[in-house]
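Work through these exercises with the model open beside you. Try each task before reading its solution.

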Amino acid sequence: MAKAAKALLLDAEKVTLYDNYLCPTKNGHRNTLLGMMQLCQKPVEFHVFSEADNKPTREDREQSLEQFRDILPKNIMLFW
C-alpha cells in the first residue's frame, strides 16, 4: 500500500484512512502505516478510522498506539 500511494504521500499534508480491519496491535498494520508515513516529506496529519469490533480490548489497543507513537517520524501527527 505504501509504495502504491508514494506519489500522493510525497506532497501530502493530511491523510485519512478508513479501514475497519486496521488494528494498532498488529505488527503488519503498524509496519504498513509506518512505511506510508516515512514517504511523507512535509508535516502530515494521519487520521485513521477503524471499527472496534472483533479487536483486542481497548486498553491493549491504546497501549499499542502509545508505543507506536513513540517511533513515528517527527513530521507525523497521528489521530486514531
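The exercises below go from the whole chain down to single residues.

This is a predicted model, in which local features need pLDDT of at least 70, side-chain atom pairs count only at pLDDT 80 or more, and totals for chains, interfaces and linings use all residues. Residues are numbered from 1 along each chain as its sequence is written, and side-chain values use heavy atoms, with hydrogens and water left out.

**Exercise 1. The elements**

Task: List the secondary structure elements of the protein and give their order.

Solution: 
- Start with the rule. Helices (H or I, at least four residues) and strands (E, at least two) are DSSP runs, numbered from the N terminus.
- Now count. The protein has 3 helices and 3 strands.
- Then read the order. From the N terminus it is α-β-α-β-α-β.
- Judge the overall build. The radius of gyration is 12 Å, close to the 12 Å of the globule rule for 80 residues, so the protein is as compact as a globular protein of that length. The radius is taken over C-alpha atoms, and the globule rule is 2.2 Å times the number of residues to the power 0.38.
- The C-alpha trace spans about 35 × 20 × 20 Å along its principal axes.

**Exercise 2. Surface, contacts and charges**

Task: Describe the protein by its burial, its surface, its contacts and its charges.

Solution: 
- Burial: 35% of the 80 residues count as buried. Buried means under 20% relative accessible area, exposed over 50%, and partly exposed in between (1.4 Å probe, protein chains only).
- Surface: the accessible surface comes to about 5,500 Å², and 49% of it belongs to carbon and sulfur atoms. Areas come from the Shrake-Rupley method with a 1.4 Å probe; for residues, only the protein chains shown count as cover.
- Contacts: among those with a separation of 6 or more, 82% join residues 24 or more positions apart. Contact means heavy atoms within 4.5 Å.
- Charges: there are 11 positive and 11 negative ones, and their mean positions are 6 Å apart. Lys and Arg count as positive, Asp and Glu as negative; His and the chain ends are not counted. Each charge is placed at NZ of Lys, CZ of Arg, CG of Asp or CD of Glu.

**Exercise 3. The aromatic pair**

Task: Find the aromatic pair and classify its geometry.

Solution: 
- Recall what to look for. A pair of aromatic rings is described by the distance of the centres and the angle of the planes.
- Apply the cut-offs. Rings of Phe, Tyr and Trp (its six-membered ring) pair if their centres lie within 6.5 Å; planes under 30 degrees apart count as stacked, over 60 as edge-to-face and the rest as tilted.
- Count. The structure holds 1 aromatic pair.
- Classify. The ring centres of Tyr18 and Phe49 are 5.0 Å apart and the planes lie at 15°, so the pair is stacked.
- Check exposure. Tyr18 counts as exposed at 65% relative accessibility, while Phe49 is partly exposed at 42%.

**Exercise 4. Two residues and their neighbours**

Task: Where do Phe79 and Ser64 lie, and which residues do Phe79 and Ser64 touch?

Solution: 
- Phe79 sits in strand S3 (residues 76-79). Its relative accessible area is 36%, which is partly exposed.
- Leaving aside residues up to four places away in sequence, Phe79 touches Glu45, Phe46, His47, Val48 and Arg69.
- Ser64 belongs to helix H3 (residues 58-70). Ser64 is buried at 13%.
- With the same exclusion of residues up to four places away, Ser64 touches Pro24, Thr25 and Arg30.

**Exercise 5. Across the helices**

Task: How far apart in space are Gly35 and Lys6, C-alpha to C-alpha?

Solution: 
- Gly35 is in helix H2 (residues 27-39) and is partly exposed at 22%.
- Gly35 and Lys6 are 29 residues apart in sequence, and their C-alpha atoms are 9.8 Å apart.
- Ala7 is in helix H1 (residues 6-9) and exposed at 68%.
- The C-alpha atoms of Ala7 and Met36 are 11 Å apart.
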